[in-house]
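Dear colleague,

I am passing on the structure that we talked about, and I would be glad if you could read these notes with it open beside you.

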Amino acid sequence: MTAVAPLFSDPYRPAFAEFVANRREPATIARLRQEAFDRFETLGWSTRQQEAWRLTDPGPLQAIAWQPPTDALVDAGTLPTLDGPAHRLVFVNGRCAPGLAWVGELPGRALIASLGQALTTHPERIEPVLDRVPGLEQHPFVALNTAFWEDGAFVRLPRETVIEEPIHLVFCTTGGDMRIHPRLLLALEEGAQATVVVEYRGAGRALNTPLAELALGAGAVLHYHSIQEEAPQAFHLGAIRVRQDRDSEANLHLVSLGGQLARTDLAVLLDGEGARCSLNGLTLGRDQQYGDYHVRVEHARPRGTSEQRFKSVLDGKAHSVFDGMIHVRTGAQKTDARQTSRNLLLSKQAQAHSNPRLEILADDVKCGHGSSTGFLDPDAEFYLRARGIPAAQARALLVHAFANDNLNQIRLTPLRERLARLLAARLALDIAEGE
Amino acid sequence: MLEIRNLHVTVEDREILKGIDLIIHPGETHAIMGPNGSGKSTLANVIAGREGYVVTEGEVRFDGKNLLEMDPETRACEGLFLAFQYPVEIPGVANLYFLKAAVNAVRKYRGEPPVDAMDFWDLVHERMELVKMDESMLKRSVNEGFSGGEKKRNEVFQMAVLQPRFAVMDETDSGLDIDALKVVADGVNALRNPERGFLVITHYQRLLDYIVPDYVHVLVNGKIARSGGKELALELEEQGYALYNEEPGRARRAAA
């Protein structure tokens, strides 16, 4: 057989060999890595020829000689906080910084820990949950993550365990053309409840390919927030896989503010009757920023509900993509699935692509989707100005209202307020004035 | 306070106003009546500064200042108010927040500090009663999901809070039942004083039973065909606009 030249991954082969040579880990995990690396070589860097990457081309990224992560220091004072008690883990260039972590007392067998640490001390606990949430099998950066991940967070809540304080996971990168592959494993057993806030921060150019696997047992409730504020030069190619058992509830809030190219692929499998998920996404783009959300919600069982609400606000030559699939399998009767994508363009050079897709194989379902893209309503702007509000402030108010509608879905008040302030600051709007 | 001289306005290259002359002194309430398409709303929008209206000739002065050179927000800060015929719904912007931003914009223009929170609250509550507005409307988004009557009441409420020196009421009566009409008219009447001028634009005489004008002007085909006292409104009610050799809507149809 003629080998298909793995043209683009060549530099990674020696890097991978070196990486695995130094690791002591169970054979199953080593095998997972090898399979994933092989898959990455086969898939290559995504190209526009692949449907899923038709609009977003990370091809040019392969020309950069990405370096394996190294240790670095960050100023603890610059790290975001949640203004209240929280269990916190901080990762610098993908590696847990124990000095910056704070995990309070947890009930029973609950665990919030560094995944790298847990793999060393309790590999038998990691093996059964690693790479078990299906989805995104053809995603090259998911494969890259599975091949190269070193550390990340491991959150496991046993049955009926409810953690009130948010679990705050902060990932910082320090640039230097590093490639970072953090992994997040979260397993909520039956009836467990948690609130998680993941924040991505950084300085300089880096390639971040985080992968989160969220497994929800029957009746579990998860509030999950992912706030991407990478450096303007950064590339963020993340993925989130969710598997939900019956009557579980997943509320995801994704906010994308930073990076020159930021894409998150989200795959949700509603794998038990009556599972519910709510997916909110907000992209703020300016200059030449490129933001992309690819979402697939798979209704596998009856009576599931899903709601996707994605918005983008684009200035300058910014670009956004929303590709949202609702797939309803044959047996998933009484599914209720909705999706909206709304995009606000602040400049004539900005572009939003919206691609809603439905695949419905069951006959007794409610599915709906809507999509709109447009400029600010000139009538609304005139109305505000006719009351004395200067044009720039009027526009900022309208943009804030559009985006804040999405942030208002966040129930974690300090985070919601911080994001609203951040949004206002970006719009040079004094929101305190009109309280 | 408002002087309009030989005002000609085109919209999308069609001449809508063909030489309007109108002078309104402080304390006076003038009514402009006319059939559909006569140019009533165009006049209101030109005074407020909406885009898309091109003044080809003439001038509008407000207290001697050239109004046409000002941004819409500057006009508002100078004390001009337009009660919209179709108030815009603005989801996500709370009515109270909007109002406070407007009040503070005007104060900033005058070089005054932002309004004191307690003073503002008192003012808002006092003015709400004027138009019998429910407090829940303050927290709702501007005009979102408001009924026709609530929207018009909200316009008069905003006027009552902003206390302009001159207000243009653009078909404030349209879409109102008689009870709502009375509430709106009472609100306007309560604001009438020797310093404040009003220009009330309406198609129907009915509103003028409640807001009794000092002068009535009949606008037909972009020109003021006749001016007189309040009795002119009653005459129009009986005889219609046919007297002016114009069918209602002719100008609009001709334009289309």
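This is a predicted model: local features need pLDDT of at least 70, side-chain atom pairs count only at pLDDT 80 or more; totals for chains, interfaces and linings use all residues.

Residues are numbered from 1 along each chain as its sequence is written, and chains are lettered from A and ligands numbered from 1 in the order in which they are written.

Chain A holds 8 helices and 21 strands (DSSP runs, numbered from the N terminus, with H or I over at least four residues for helices and E over at least two for strands). Of its 435 residues, 51% are buried, meaning that 20 or more other C-beta atoms, placed from the backbone, lie within 10 Å of the residue's own.

Where the two chains meet, the contact takes 18 residues from chain A and 25 residues from chain B, two residues being in contact if their C-beta atoms, placed from the backbone, lie within 7 Å. On the side of chain A that touches chain B, α6 (378–385) and α7 (391–407) each supply at least two residues, and the largest share, 6 residues, comes from α7(A).

Within chain B, Leu99(B), Ala102(B), Val103(B) and Val106(B) of α3(B) meet Gln158(B), Val161(B) and Leu162(B) of α6(B). Returning to chain A, among its contacts between residues at least 6 apart in sequence, 82% join residues at least 24 apart.

Best wishes

Note on methods:
A residue is buried if 20 or more other C-beta atoms lie within 10 Å of its own, exposed if 12 or fewer, and partly exposed in between; C-beta atoms are placed from the backbone.
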